[in-house]
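Hello,

Here is the structure we talked about handing over. Please open it first, then read the notes below.

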Amino acid sequence: MEELLDTKNWVSNYADYLYHIALFKTNNQSEAEDLVQNTFLAAFKNKESFRGNCSEKTWLTNILNNKIIDYYRKKKFEKPFSSYISETDDEFGNHFFDSHNFGRWINKISPNYISNNADHTVISKDFSAAMEKCLEKMPHRLKSIFLAKYFDETETKSICSQYEISDANFWVIIFRAKTIFRTCLEKNEII
Amino acid sequence: MKSYINRILNNCSEVSLNYLKKDEVSFPFKQRIEMKIHIHFCKCCQNFIHQSDIIDNQLKLYKESLLEDKKVKASDELKDKLEKIISE
């Protein structure tokens with residue numbers, strides 16, 4: 001099966017791409033480098049297991065994504081997701097929803113700087129830069145799951161099992177992450 | 001009646017969260033109608049939904065743009081280490 005893989009050109013073909021993904025997801029240069037190295041090590045060691053069902057690039061990216069899941073799992077969060085959610089529930093609720101106004105959104109309605117013209121093809125450099133900045137600020141435990149869902153487009157069931165969280169907690173995390181993310185983008189006058 | 005209307009029209013948190021789930025979770029008919037009514041009258045939730053959809057699209061486009069983005073590069077030092085791994 002080895003002939004299905006062009007290992008000699010892995011570095012020139014995929015090193016930058018994999019490093020970019022790792023850096024985007026961790027915001028940490030040295031940890032991103034470690035993740036890419038571990039990906040290459042695992043891929044090279046298990047090259048016989050490549051069946052050619054997907055492209056070489058997809059295969060390597062999947063290995064990297066699994067390494068990133070392990071990376072976030074190993075980060076010793078002081079408390080499990082369920083405790084984190086319940087303990088920060090009031091803080092989150094009070095910050096974004098007005099309990100004195102029937103639980104409505106607190107935020108003023110944004111002027112929607114690009115919304116009126118936004119379509120599938122619009123992606124400005126400003127948006128990308130702001131997005132990276134806002135993701136950087138997102139709490140780690142929210143970010144890893146948010147990216148798995150919206151960036152990697154992993155199935156919900158699979159994310160819940162990988163991170164050992166319930167379906168209900170998964171959606172609470174997604175909702176909080178998206179709320180924080182869009183608030184940050186609003187502050188940057190992007191959406 | 002008043003409290004029922006209040007319940008439908010308020011609680012943006014629940015409505016916005018359920019909106020995110022709607023493609024994967026099937027809600028009872030009554031709940032779907034209540035959500036629709038809430039969203040119809042609530043500009044804040046309409047705004048959240050609109051922005052949420054933009055974010056989803058932009059994240060997908062950003063992922064695609066990573067393929068073409070040559071600005072972020074792995075260091076030469078890292079590339080050397082990677083070359084060693086595959087040459088062993």
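How do the residues of the lining of the second largest pocket divide into nonpolar, polar and charged? There are 10 nonpolar, eight polar and four charged residues. Keep in mind that this is a predicted model.

**The pocket**

The second largest pocket holds about 380 Å³ of space. Its lining has 22 residues. Nearest the centre lie A:Lys25, A:Thr61, A:Asn62, A:Asn65 and A:Asp152. Both chains take part: helices 1 (10–26), 3 (56–74), 7 (140–150) and 8 (156–163) of chain A, and helix 4 (43–68) of chain B, each supply at least two lining residues. Helix 3 of chain A gives the most, with eight residues.

**The cysteines**

A search of the whole structure, over all chains, turns up one disulfide. The partners are A:Cys134 and A:Cys184, with sulfur atoms 2.1 Å apart. The link is left-handed, at -80° about the S-S bond. A:Cys134 sits in helix 6 (residues 125–137) of chain A and A:Cys184 in helix 9 (residues 167–187) of chain A, so the pair ties together parts that are 50 residues apart in sequence. Both A:Cys134 and A:Cys184 are buried.

B:Cys42 is in no disulfide. The nearest cysteine sulfur belongs to B:Cys45, 3.7 Å away. A:Cys54 is partly exposed, with a relative accessible area of 29%.

Best wishes

Methods
Residues are numbered from 1 along each chain as its sequence is written. Chains are lettered from A and ligands numbered from 1 in the order in which they are written. This is a predicted model: local features need pLDDT of at least 70, side-chain atom pairs count only at pLDDT 80 or more; totals for chains, interfaces and linings use all residues. Side-chain values use heavy atoms; hydrogens and water are left out. On a 1 Å grid over the protein atoms alone, a cavity is a set of points where a 1.4 Å probe fits but cannot get out, and a pocket is an open set with protein on both sides within 12 Å along at least five of seven lines; lining residues have an atom within 4 Å of a point. Grid points are joined across faces, edges and corners, and a volume is the space filled by probe spheres set on the points. Helices (H or I, at least four residues) and strands (E, at least two) are DSSP runs, numbered from the N terminus. Ala, Val, Leu, Ile, Met, Phe, Trp, Tyr, Cys and Pro count as nonpolar, Asp, Glu, Lys and Arg as charged, and the others, Gly among them, as polar. A disulfide is a pair of cysteine sulfur atoms within 2.5 Å. Buried means under 20% relative accessible area, exposed over 50%, partly exposed in between (1.4 Å probe, protein chains only).
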